[in-house]
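Have the viewer open while you read.

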Amino acid sequence: LATLASGRSGTGLIRGGALAIVDGRIAFVGREEDLPSRFQADEEIDLAGRLVTPGLIDCHTHLVFGGDRSNEFEARLAGADYEAIAKAGGGIQSTVRATRAETEESLVASAAKRLNSFICEGVTTIEIKSGYGLDYETELRMLRAARRLGQIYPIDIVTTLLAAHTVPGDQERATYLNLVTEKIIPRAVEDGLADAIDGFCDSIGFSSEELQRVFRRARELALPVKVHADQLSDAGGAELAAQFSALSADHLEKTGAAGVAALARAGTVAVLLPGAYFDLREKHLPPIEQMRTMGVRIAIATDCNPGSSPLVSILTAMRMAAVQFSLSVDEVLAGVTREAARALGRHAETGALEVGKSANLAIWNVERPVELVYWMGSNPLFSRVWRGKKTSLTGSIDWGWRASNAP
Ligand code: DI6
Ligand code: FE
């Protein structure tokens, strides 16, 4: 058992372990010989030496969106620049156009295919952001689609309102920011659609000053904050996140020393997104050594999105984080379990094999944690348990072709 329990070193490995589940919760974790006899189970499963980890957690995705951006990917391969594409009305704006044309049902259908990939890799909790609607109706529709996915599929979904992603092409900055703070955020809260509020603090998003307003509103309505911080430039995103005691600051490629210190003081989790780093051929590494020195907790996520990280594999993100960011296997494992749970404010509930937590497990056809990071493009998942129930790997999702998926 790689317990990832807090207070234990490394992955908190227990050899010859046993785990008992009662009513969907972990009731015992320890060595098999220490298993109390009252846990003589109704059902006992011998895993024959397989590795068990907490169910994996992807704490940063944009899973729900319309269309794709494969055309821009080709342009980027031919030398076009991501930021320049965005400033010319492509990028996020092009996904906004495609997303506004979708119904809640069609958004659910296209996101379900991507969600299936995560479920098949042992993910039991996933965060989904809005941010490709950028108007009242579509932002709420995206969140409803995300909630709906959680009702249909065996996975916990945490939703984040990212109306402050960028200014929509058809609006003034001030008018749009007003809409976000006065209409979209209050309505999302009223309808219980958002678990947190996010904002993109960057050259193609919003300034730190602009986001202050958005986050004050979040705070008034008692919602926690997350920040897309300093991806393309050091825009003060980490300091902003710390100021609002954000659950997480994400990206952080260009964050300076002051930003890291602020995150450490605030106890905000740094979420690293190696897929976007890879896809944009970024050269500037996030300040990982400073994070370690200052004791900033590190999580890893896919940032699954149609533009900068079309990545539907948490195992690949783990591999990329290890190689590109020089994270240890222990850091990588913690980054997609215990620390990812903390980045979502769900660490009392999931992210470690500890008594009382939800019985979310991933069971692997490997002997040692390193093997989960070592292989590229293989999926050694043996079985997955969500809320104490063994859940099928392929589900009932139709991967069929829809011509309307073409951009
Ligand atoms: N950073 C990201 O990685 C996503 N949004 C953001 O603020 C991707 C945005 C996109 O290109 O669609
Ligand atoms: Fe993102």
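Trp386 sits opposite Lys389 of strand S14. That pairing belongs to strand S13 (residues 381–386), which runs antiparallel to S14 and is joined to it by 2 bridges. Two strands count as paired here if DSSP finds at least two bridges between them. Helices (H or I, at least four residues) and strands (E, at least two) are DSSP runs, numbered from the N terminus.

Before going on, some housekeeping. This is a predicted model, so local features need pLDDT of at least 70 and side-chain atom pairs count only at pLDDT 80 or more, while totals for chains, interfaces and linings use all residues. Residues are numbered from 1 along each chain as its sequence is written, chains are lettered from A and ligands numbered from 1 in the order in which they are written, and side-chain values use heavy atoms, with hydrogens and water left out.

Back to the sheet: S13 and S14 are part of an open, antiparallel sheet of 4 strands, ordered S3-S12-S13-S14. Its edges are strand S3 (51–54) and strand S14 (389–390), each of which pairs on one side only.

Now for the metal. The iron ion (ligand 2) has His60 (NE2), His62 (NE2), His228 (NE2) and Asp303 (OD) as its protein donors, at 2.1 to 2.2 Å. Donors are N, O and S atoms within 2.8 Å of the metal (3.2 Å for Na, K and Ca); water is not among the atoms, so sites may look incomplete. What geometry does the site of the iron ion (ligand 2) have? It is irregular, with angles of 80 to 166 degrees among the 4 donor atoms. For reference, four donors are tetrahedral if all angles lie between 85 and 135 degrees; four are square planar and six octahedral if opposite donors are over 155 degrees apart and all others between 65 and 115; anything else is irregular. The donor spacing in sequence reads H-x1-H-x165-H-x74-D. His62, in the loop between strand S4 (56–58) and helix H1 (70–77), and Asp303, in the loop between strand S11 (298–300) and helix H12 (314–325), are 241 residues apart and link distant parts of the chain. Both His62 and Asp303 are buried (under 20% relative accessible area; exposed is over 50%, partly exposed in between; 1.4 Å probe, protein chains only).

Asp303 turns up again at ligand 1, among the nearest of the 14 residues around it, along with Arg69, Tyr82, Tyr132 and His165.

| Residue | Ligand 1 atom | Distance |
|---|---|---|
| His165 | nitrogen | 2.7 Å |
| His251 | oxygen | 3.2 Å |
| Asp303 | oxygen | 2.5 Å |

The protein covers 100% of the 320 Å² of accessible area that ligand 1 has on its own.

Elsewhere, strand S7 (residues 196–201) has 6 of its 6 residues buried. Ala196, Asp198 and Phe200 cover one side, with Ile197, Gly199 and Cys201 on the other. In a regular strand the side chains alternate between the two faces of the sheet. S7 pairs in the parallel sense with strand S6 (residues 156–164) over 3 bridges, and Leu161 stands opposite Ile197.

Asp23 has a phi near 50 degrees, and Leu252 has one of about 65 degrees. Is each buried or exposed? Asp23 is exposed at 77% relative accessibility, whereas Leu252 is buried at 0%.

Key
A residue is near a molecule or strand if one of its heavy atoms lies within 4 Å of it. A polar contact is a pair of N or O atoms within 3.5 Å; within protein, one must be able to donate a hydrogen and the other to accept it, and residues adjacent in sequence count only if both atoms are side-chain atoms. Accessible areas come from the Shrake-Rupley method with a 1.4 Å probe; for residues, only the protein chains shown count as cover.
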